Amino acid sequence: MLETFYYETDRNVRGTLVFVALVSVYTAFIVALFPSIEAAGVDIDQVVEAYPEAVRQAMGVQSMSTIEGFLATQIYTFIWVLLMGLYFAYRSAGLVADDVERDRMDLLLSLPISRSRLVLEKFASVLVPIVALNVGVGAVIYAVGFAIGESIDLLDMTMVHLLSIPYLLACAGIGLVLSTAVDRADVAQRVAIGIVFALYLVETIAASTDGFEPLQYVSPTHYYDPTAILLEESYAYGDTLVLLAVTALLVVAAQFVFQRRDI
Amino acid sequence: MASIEVTDLTKEYGDLVAVDSLSFSVEEGEVFGYLGPNGAGKTTTIRTILGLLAPTSGTVSVLGTDVRDEDALVETKRRIGYLPATLGFDEDVTGNRVLDYHASLKGDPRRSELVDTFTPPLDRPIREYSTGNEQMLGLIQAFMHDPDLVIMDEPTSGLDPLKQEQFNEFVDAERERGTTIFFSSHVLSEVRRVCDRVAILRDGQLVALEDVESLLEKGGKRVRVRTPDDVATAVEGLDGAVDVVELEDGVQFTYVGEYNALLEHLTNYDVFDIDISEPPLEDVFMHYYGADATTAVRDAEGIDA
């Protein structure tokens, strides 16, 4: 049980640690900038008000003058929703396709493990960097916030990270399906990035364009709203369930595709 | 019960027929050579046996399991070892880590014994391995769970002659243990050295399936006669002499007839020296490939040369 999961996790330990460290340093740096922005005395909210609705929607901006509003925009909407979404889609798009492309898959499948189980365990191994990222970077952000004299609500912080996990898993799920369907890892990865980015744009544009509102529901970004969590303390558990269901569906689809193909 | 049973197997990729209504079986405990030039369909057959490819038509069963029944095949794979033609290991991990992973899925009762035999640098990351060392690691993982059947795709490519001899001895010892071994090759001499039976594949079709001895028997004997006389033309009148080559000091030919007739015939000449030996398997191979022999042999020897 879980041999492949352990193996994948084990061999990625160093990579995961470096990744979490890099994102931590970057986010710590951004959070540390907050006092100087605040001190500059510019009424940033007024500037933000002047942005078109679509831009505000894309950036997740509601208020930049509080630490929560600042984090929601600068860290969670940009880094978590967009960059990390892209990253995990990219990463899991390599999970299967890379092994197929580099002739590792036939050796793996000579082992007594079913194809669907192999896909599931490889996918599960992505959960480790996702959780590590949320725990590690979450703690760093909280600590830096504390250090600059801003108190961030611990529950909100916890929720913004916790609820991002299903979102990132859904993005990874998109990558996984491509990984099983496409032979070349780089193609799978580029397409995965393209799809996640396109969905992000679709949601952004559809949400603020008359007549296109229903389109926003196709994007996973619609179901994770860090701004609402941090500023309004609204935790949309229903949306989280949608993301988990979509993830499960994507994994099943990937297993289905992978079971029926020639290696 | 046969270890591998292939019946009317056809595998098509679109218009390309990789394997064409192939039938053969590998008996328990034998070393079975699967011979043919590159592109003949050897790897396609092996991948079908392992359930990696779905047959277009026909059936394949391995250790009694239909390869299309995935659940059953997963269980059966505990008793199968596999050495692919192109070894894919994760480059960033050590040999030991790979073996640990494989062991966690299929067990490793023979691991330490095999590690002593093949000695790859198990503590080093695989990216530092030479081709030979990767192959050694591949052999260890293929045999470490003490499988009943081991399938090897071109196992000796990338091995130096010393390692190759070690491999041959290893296969002999495995045969003694009762392990069934199926291996593909385009190196004829190695098949001859270690196999009990040989199947020869050409363009996806089986052209011969025989034990090595009768394969050689059909190939006749190579006769080399040293003589001052001009025998080349005379030999052509001898029944059963083919492929006559005139040498500087005599003649060489392949002889498939009676020895008495040959000796009688030779008494007409002044013979300095005579050498009767088994023909190289390459010649036998040519016999099966007929008109396209030259191409086939060039293909067979070309890629890994």
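Predicted model: local features only at pLDDT ≥ 70, side-chain atom pairs only at ≥ 80, totals over all residues.

Residues are numbered from 1 along each chain as its sequence is written, chains are lettered from A and ligands numbered from 1 in the order in which they are written, and side-chain values use heavy atoms, with hydrogens and water left out.

Reader: What area is buried between chain A and chain B?
Author: Buried area is the accessible area (1.4 Å probe) that two parts lose on being put together, summed over both. Carbon and sulfur atoms give 55% of the area here. The total buried between chain A and chain B is about 2600 Å².

Reader: Which residues of chain A lose the most area to chain B?
Author: Contact means heavy atoms within 4.5 Å, and 25 residues of chain A are in contact with 28 residues of chain B. Three residues of chain A together account for 28% of what that side buries. They are A:Tyr7, A:Leu107 and A:Pro112.

Reader: How many salt bridges cross the interface of chain A and chain B?
Author: A salt bridge is a side-chain nitrogen of Lys or Arg within 4 Å of a carboxyl oxygen of Asp or Glu. A:Arg11 and B:Asp90 form one, with their closest N and O atoms 3.6 Å apart. Across the interface the rule finds six.

Reader: What is the volume of the largest cavity?
Author: On a 1 Å grid over the protein atoms alone, a cavity is a set of points where a 1.4 Å probe fits but cannot get out. Points are joined across faces, edges and corners, and a volume is the space filled by probe spheres set on them. The rule counts one cavity of 30 Å³ or more. The volume of the largest cavity is about 100 Å³.

Reader: Which helix gives the largest share of the lining of the largest cavity?
Author: Lining residues have an atom within 4 Å of a point, and helices are DSSP runs (H or I, at least four residues) numbered from the N terminus. Of the 13 lining residues, A:Tyr7 and B:Asp90 are among the closest to the centre. At least two residues each come from α1 (3–11) and α7 (105–109) of chain A and α3 (95–106) of chain B. The largest share, three residues, comes from α3(B).

Technical notes
1 Å grid on protein atoms, 1.4 Å probe; cavity = no way out; pocket = protein on both sides within 12 Å on 5 of 7 lines; lining within 4 Å.
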